[in-house]
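Please consult the sequence and coordinates alongside the text.

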Amino acid sequence: MSPRAGNPGPPTLAFVESPVQLLNVLEWAHTRAPGAGLTLVVLSPMDPMTRGQLRRMAELARQEGHEVRWEEARGGAAAPFRTVGGLTGALRRADRVVLGDPFSRYVQLLLTLSRARDLVVVDDGTATMEFVTQLARGERLVRWHRRGSRPGPRDLLFAPVSGIARRRLTPGARRRAEVFSAMPFEDTPEGVEVVANDFAWTRARFGPPRITKGADLVGTSLVETGVVDGDRYVDAVRSLARAHGAGRYFAHRRESAEKLHRLAVETGLEIVRPELPLELIARRGPIGRTVLSFPSTVLHTLPLALAGTEVRVGVCDIDPAWLTRNASPRARGFLSGVTGSARGAHRLPA
């Protein structure tokens, strides 16, 4: 074990499926359990870019003294059975479970096997805002961009498991629940302890960055999730780049290669596929003096990660005319709320 990890404390098991979740587990460990080692289970997705970022984040976790367990959780029809079977013993022994995506069916299934009395949810971006709201109102757990749509056959089949997971995440006499987040919340579930994530680990480990004179633009996967029209999005990126002299476009890990190629051709931006979450990329630098974004998690996290620097984060609202016909009724209000609650970002005209 690394010198960074000291007293192991209670057996702690963390489940992550994305690089941002892994980053926020490291932030939680630094703030809430300093010196304690934990077993970090990566439920690996199939997407190559996400896997690459997760590999690099896993190496950072090992350097911090944590054990990393890589699970090919989606590698074929039998993979889920092998993964769940292999984790059952560790789940039974763990006194504390840390997770990054309470909406994940995989994580919900694993929660039904857990006896942990201490449950911690770390940030998975803006989805954490919706999770806290739904938990406070006793609603079923549904991702914000699908909310308002009718549940499909798989949703109905999985509903009992989802219900058990929601009850596991609700604090009680024998169970403690914590949310560790950089996001703002309107409603807080009764009994849930909310702890602010100020990216202390990121700032202590990296930077300060070298700041360039130009602007950088942060990409979003709103087109890929069916919320924003692709043509409208490309037009908006082109206008932003011209208005602010942006030279680089930091792609979201879920953006399609086709869309990124089109952006490069039609806007002239240099497309950058980050090897780590943007908070770490920006903190290491170089980074533009102005960082432009549409409504997303980085509006809340980048000002914290870049605290003490001269970098300015600007946000461009999503015009309702950009939304697709398939966008859920919840999409418009949710995106507006993400922008309006971002205290460290400056609003730009749409």
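The model is a predicted one. It holds one cavity of 30 Å³ or more, while the second largest pocket contains about 780 Å³ of space. Strand β11 pairs with β8 and with β12.

**The largest cavity**

- The volume of the largest cavity is about 40 Å³.
- Its lining consists of Leu119, Val121, Phe131, Leu135, Leu169, Ala177, Glu178, Val179 and Val192.
- Two or more lining residues come from each of β5 (118–122), α5 (127–137) and β6 (176–181).
- The most is given by β6, with three residues.

**Helix α5**

- Helix α5 is largely enclosed by the rest of the structure, because nine of its eleven residues are buried.
- The buried residues of α5 are Ala127, Thr128, Met129, Glu130, Phe131, Val132, Thr133, Gln134 and Leu135.
- Among them, Phe131 and Leu135 also belong to the lining of the largest cavity.
- In an α-helix there are 3.6 residues a turn, so residues three or four places apart point the same way.
- Glycine 138 follows α5 and has a positive phi, near 70°.

**The second largest pocket**

- The second largest pocket is lined by 34 residues, and those nearest its centre are Gly125, Ser221, His252, Arg253 and Thr297.
- Helices α1 (19–32), α10 (278–284) and α12 (331–340) each contribute at least two residues to this lining.
- The largest share, three residues, is supplied by α12.
- The lining of this pocket divides into 17 nonpolar, twelve polar and five charged residues.

**Strand β11 and its partners**

- Strand β11 (residues 287–293) is mostly covered, with six of its seven residues buried.
- Strand β8 (residues 211–218) runs parallel to β11 and is joined to it by six bridges.
- In this pairing, threonine 212 stands opposite glycine 288 of β11.
- Strand β12 (residues 312–316) also runs parallel to β11, and four bridges join the two.
- Here threonine 290 stands opposite arginine 312 of β12.
- Between β11 and β12 the chain passes through helix α11 (residues 298–305), forming a right-handed β-α-β crossover.

Definitions and conventions. Residues numbered from 1 in each chain as written. Predicted model: local features only at pLDDT ≥ 70, side-chain atom pairs only at ≥ 80, totals over all residues. Heavy atoms only, no water. 1 Å grid on protein atoms, 1.4 Å probe; cavity = no way out; pocket = protein on both sides within 12 Å on 5 of 7 lines; lining within 4 Å. Points joined across faces, edges and corners; volume = space filled by probe spheres on them. Buried < 20%, exposed > 50% of the residue type's maximum accessible area, 1.4 Å probe, protein only. Pairing = 2+ DSSP bridges. Right-handed = clockwise from strand over helix to strand, strands pointing away. Nonpolar A, V, L, I, M, F, W, Y, C, P; charged D, E, K, R; others polar.
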